[in-house]
Amino acid sequence: MRSVFRLWWSLVTFGFRLLYNELAFTYDTVSTIVSLGAWRCWQRQALKFLPASTDGIVLELAHGTGNLQIDLKTRGYATIGYDLSPNMGKITRRKLLKRSLSVDLIRGQAQTLPFAEGGFQAVVSTFPTSFIVEESTLREIWRVLKPGGTLIIVPNGALVGGGIVNSFIEWLYRITGQRGASMDGFKQYFEKHGFTAEIVYENCPRSVATVIICHKMV
């Protein structure tokens with residue numbers, strides 16, 4: 001049984017790797033389908049908890065296909081997008097240039113951020129993979145945030161209501177490891193790494209988005 005689980009998880013991991021890299025061009029379509037159209041609403045919940053656009057620079061970790069970069073820039077934020085995937089970088093660059101928005105993108109790993117200490121007022125990440133809870137990542141985020149700076153994570157959204165389609169999609173989330181983690185456990189984990197932490201649930205069409213709001217303790 002354990003070997004079957006390892007095989008299944010290897011396939012899931014491989015699928016996500018393809019989605020973030022060679023198949024990155026399908027990401028927007030796939031995310032829209034699996035969320036029944038709520039994906040962008042889930043993502044935009046992060047904007048509610050950011051400091052004012054005049055307060056400093058926002059770093060987005062794992063910018064993906066650039067949709068939140070567009071949201072931030074059109075709202076007047078100075079932002080830097082950071083992602084390991086070169087494919088995601090190309091897609092984001094095209095989207096920004098198409099809208100005549102500045103392209104401020106850097107490729108790299110979140111565990112080793114190439115930024116000075118205290119350079120950002122906020123760090124935001126929506127639908128990140130497990131890198132976001134690695135100790136090295138949290139140490140780096142803490143380092144580059146200003147005192148009292150804000151870290152906002154949207155780890156997932158959940159469909160609500162009945163229906164075969166909703167039930168099937170929620171089942172897919174569970175078998176791909178995107179459900180079941182204790183949010184209370186996350187709060188304690190972030191506090192252990194130098195952040196106060198609050199978890200809120202924001203309503204979207206037929207769904208609810210989870211938002212983790214942290215502040216750097218000094």
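Two notes before you click. The model is predicted, so local features need pLDDT of at least 70 and side-chain atom pairs count only at pLDDT 80 or more, while totals for chains, interfaces and linings use all residues. Residues are numbered from 1 along each chain as its sequence is written, and side-chain values use heavy atoms, with hydrogens and water left out.

**The whole chain.** Show everything as a cartoon: there are eight helices and seven strands (DSSP runs numbered from the N terminus, helices being H or I with at least four residues, strands E with at least two). Of the 218 residues, 44% count as buried (under 20% relative accessible area with a 1.4 Å probe, protein chains only; exposed is over 50%, partly exposed in between).

Color Met-88, Gly-89, Ile-91, Thr-92, Lys-95 and Leu-96, the buried residues of H5. Look down the axis: they fall within an arc of 165°, so they line one face of the helix (the arc uses directions from the axis to the C-beta atoms). Turn to the other side for Lys-90, Arg-94 and Lys-98, which are exposed.

**Its ends.** Pick Ser-85, which caps the N-terminal end of H5 with a side-chain oxygen 3.3 Å from the backbone nitrogen of Asn-87. Finish just after the helix at Ser-100, where phi is positive, about 60°.

Technical notes:
Polar contact = N/O pair within 3.5 Å; in protein donor to acceptor, adjacent residues only side chain to side chain.
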